[in-house]
Amino acid sequence: MKHFAVIGHPIGHSLSPLMHNTGFTQLGIDAQYEAMDVTQENLASTLQQFRNENFIGFNVTVPHKQAVIQFLDQISDEAKVIGAVNTVHQKNGKLFGYNTDVIGILKSLEPFRNKIQNASCLVFGAGGASHSVMFVLTQNLKPKKIFLTSRTEKKSESLANAFRTLDVEIKILPTDSKKIIGAIEEITLIVNCTPLGMFPNINASPLPDNTRLNHHHIVFDLIYRPLQTLLLRQASAANATTIGGLEMLIQQGAAAFKIWTGQELPLSVIQSTLLKELST
Ligand code: NAP
C-alpha cells in the first residue's frame, strides 16, 4: 500500500483525506491518505519518517508551508517565488516541493480572465494564501492595479515589495472602512485571503458595513467552510459574481494527485462527495 498524508497544526477537519481517499478508491489505487497533526517541534522528525517509510507524497498546510522548504531537496520555481510549498512528492529518495495552491487559484479565476485583465483588484490579507493570490494576479492575470489591505501593514508592505512588477501597480490600503468603501467603485475583483467569515465565526466579513457592491463585481472568498460565507451572501444580494473556496481546494488537490500518481482526480465525484460533507 502507498502512503500519503497532510501535515499541519491544528489539522482540524481537513477535507484532504476524504478527497484523496475517494480518488484512490475510484481509480482502484491501493493507497491511504491520512491527516497528521504535526507541531513545529516535530516537523523535522516527521519529514525524516516520511523519507524512512517511503511516503509517495504529502500536503503541507498552516503553519508549515514556509518552514518545510528547508527539509526538501528541490522546489519548483513558483514555490520559490511565493516562498511556500503545499505539495511534496518523494521520488528516488528525494523530496520535491510544489505550490499547487496557485493552480487552484488560477482555475477558480480563469473564467474571468478578460474582466480581471487591466482592471483593479482588492485583496484582503497578507498571509500564505495571499502570497499565492498575488503570484497569480501579477504573473498571470495582470490586472492594472491591486489594492492590498491587511491588519498588519508591515506584512502588506513586504508582500507588495515581493510582487511589484512594472505592469501591475500595488497600493497598500489601510484597514480603514472609509478608504475601502472609497476604493470599491473602481474595483472589479475582490479576494478574501483572511479567515474572516470562516466557521465558527460565520458572521464576520472583511468588507465594511455599507460597502456598495453591484453586478460588475467579482467576489472570490477562499474560505470553503461554510460554502456560502457572509461575504459571498453580501455579494449575491448585490447581483455580483461569486466564487467560493471549494473549487480552489479541489483544483489544488487535483494538481497534487496528478503529480503523485500521474492520474486525473475524478472531479465530479470529488465535488459531490465534498459538497455532501460540507452540507452536513
Ligand atoms: P494565514 O497565513 O494565517 O494568513 C491569514 C491572513 O489573514 C493574515 O494576513 C492575517 O493577518 C489575516 N487575519 C487573520 N485573522 C484576522 C482577523 N480576525 N481580522 C483581520 N485579518 C485577519 O492564512 P492563509 O493560509 O493565508 O489562509 C487564509 C484563508 O484562506 C483561510 O480562511 C484559509 O482557510 C483559506 N484558504 C483556502 C484554501 C482553499 O483551498 N480554498 C487554501 C488556503 C487557504 P495577520 O498577519 O495580522 O495575522
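In this predicted model, Asn-118 sits in the loop between α5 (113-116) and β7, and although Asn-118 is not a glycine, its phi is positive, at about 65°. The side of the question that concerns solvent is settled by the relative accessible area of 58%, with which Asn-118 is exposed. Lys-142, found in the loop between α6 and β8, is likewise not a glycine and has a positive phi, of about 50°. Its relative accessibility is 26%, and Lys-142 therefore counts as partly exposed, the range for that class running between 20% and 50%.

Most residues other than glycine have a negative phi, and most peptide bonds are trans. Against that background two peptide bonds also deserve attention. The bond from Val-62 to Pro-63 is cis, with omega near 5°, and Pro-63 belongs to the loop between β3 (57-60) and β4 (74-75). Arg-225 and Pro-226 are joined by a cis peptide bond as well, with omega about 10°, and Pro-226 has its place in the loop between β11 and α9 (230-237).

From the backbone we can turn to the packing of helices. Two packed helices are described by the angle between their axes and the distance between the axes. For α4 and α6, the axes come within 9 Å and cross at roughly 60°, which means that α4 is oblique to α6. This crossing is right-handed, and the residues that make the contact are Asp-101, Val-102, Ile-105, Leu-106 and Leu-109 on the α4 side, with Ala-129, Ser-132, Val-133, Phe-135, Val-136, Leu-137, Asn-140 and Leu-141 on the α6 side. Sorted by class, the contact of α4 with α6 has 10 nonpolar residues, two polar and one charged.

Helix α4 also packs on helix α10 (residues 246-261), their axes coming within 7 Å and crossing at roughly 130°, so that α4 and α10 are oblique to each other. The crossing of α4 and α10 is right-handed. In this contact α4 contributes Asp-101, Ile-103, Gly-104, Ile-105, Lys-107 and Ser-108, while α10 contributes Glu-247, Met-248, Gln-251, Gln-252 and Ala-255; by class these residues divide into four nonpolar, four polar and three charged.

A further helix pair is formed by α1 (residues 16-27) and α11 (residues 267-279), which pack at an angle of about 140° with their axes 10 Å apart. Because of that angle, α1 is oblique to α11. The way in which α1 passes α11 is a right-handed crossing, and Leu-18, Met-19, Thr-22, Gly-23 and Gln-26 of α1 meet Val-269, Ile-270, Thr-273, Leu-274 and Glu-277 of α11. The residues of this contact comprise five nonpolar, four polar and one charged.

In soluble globular proteins, nonpolar side chains tend to be buried together. Here the largest nonpolar core has 31 residues, of which Leu-109, Val-123, Leu-137, Leu-189 and Phe-220 touch the most other members. Two or more residues are given to this core by each of α4 (101-109), β7 (120-124), α6 (128-141), β8 (145-149), α7 (153-163), β10 (189-192) and β11 (218-221), and α6 gives the most, with six residues. When neighbours within four places in sequence are left aside, Val-123 is in contact with Ser-130, Val-133, Met-134, Leu-137, Ile-146, Phe-147, Leu-148, Thr-149, Val-191 and Cys-193.

Some single residues complete the tour. Trp-260 lies in helix α10 and is buried, with a relative accessible area of 7%. Not counting residues up to four places away in sequence, Trp-260 touches Phe-4, His-20, Tyr-33, Ile-56, Gly-57, Phe-58, Asn-59, Thr-87, Val-88 and His-89. Ser-16, which is placed in helix α1, counts as buried at 9% relative accessibility, and beyond its neighbours within four places in sequence Ser-16 is in contact with Val-6 and Tyr-33. Asp-77, by contrast, is exposed, with a relative accessible area of 57%; Asp-77 belongs to helix α3 (residues 77-82), and its C-alpha atom is separated by 8.3 Å from that of Tyr-98, 21 residues apart along the chain.

Definitions and conventions
Residues numbered from 1 in each chain as written. Predicted model: local features only at pLDDT ≥ 70, side-chain atom pairs only at ≥ 80, totals over all residues. Heavy atoms only, no water. Axes fitted to C-alpha atoms, helices over the stretch in contact; angles between N-to-C directions. Helix = DSSP H or I, 4+ residues; strand = E, 2+ residues; numbered from the N terminus. Parallel < 35°, antiparallel > 145°, perpendicular 65-115°, else oblique. Left-handed = near helix turned anticlockwise from the far one by under 90°. Contact = heavy atoms within 4.5 Å. Nonpolar A, V, L, I, M, F, W, Y, C, P; charged D, E, K, R; others polar. Core = buried A, V, L, I, M, F, W, Y, C linked by side-chain atoms within 4.5 Å. Buried < 20%, exposed > 50% of the residue type's maximum accessible area, 1.4 Å probe, protein only.
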